[in-house]
Amino acid sequence: MSFALPFEGTWKVVNDGIRKQISHSWNLVGQRYAYDFVVVSNSGKTHQHSASKPENYFAFGKPILVAADMVVEDIQENIRDYYQAGIGWAETML
């Protein structure tokens, strides 16, 4: 089985997680080797206007794709957009 990144277009890798020095969550084993992908403008910015609104980020609203040829068994749509974008913390409401 082959895998692909779960998005289309050009995205930038940040906080690439392969070394403790550059990982933002090295002490969280489940995220230790995580990669963060962002959409950036030609000037390298990830958002326009205020960084505190999720809809100001260029990645906001972009489709997320299945990473391999498989069947999606379930999706969850009741997780709200995080209201404090840009602060480095996430919260989910399950």
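Modeller: F7, W11, Y35 and F37 form one aromatic cluster. Keep in mind that this is a predicted model, where local features need pLDDT of at least 70, side-chain atom pairs count only at pLDDT 80 or more, and totals for chains, interfaces and linings use all residues. Residues are numbered from 1 along each chain as its sequence is written, and side-chain values use heavy atoms, with hydrogens and water left out.

Colleague: How many aromatic pairs are there in the whole structure?
Modeller: The search finds three. F7 and W11 make a stacked one, 4.4 Å centre to centre with 25° between the planes. For a pair, ring centres of Phe, Tyr or Trp (its six-membered ring) lie within 6.5 Å, and stacked means planes under 30 degrees apart. Y35 and F37 are stacked too, at 6.4 Å and 25°.

Colleague: Is F7 buried or exposed?
Modeller: F7 is buried, because its relative accessible area is 12%; the cut-off for buried is under 20%, exposed is over 50%, and partly exposed is in between (1.4 Å probe, protein chains only). W11 is buried at 17%. Y35 is partly exposed at 43%, and so is F37 at 29%.

Colleague: Switching topic, what does N56 touch?
Modeller: Leaving aside neighbours within four places in sequence, N56 is in contact (heavy atoms within 4.5 Å) with T46, H47, Q48, H49 and S50. The N56 side chain reaches the backbone oxygen of S50 at 2.8 Å.

Colleague: Why does N56 count as buried?
Modeller: Because its relative accessibility is 11%.

Methods. Polar contact = N/O pair within 3.5 Å; in protein donor to acceptor, adjacent residues only side chain to side chain. Phe/Tyr/Trp six-rings, centres within 6.5 Å; stacked < 30°, edge-to-face > 60°.
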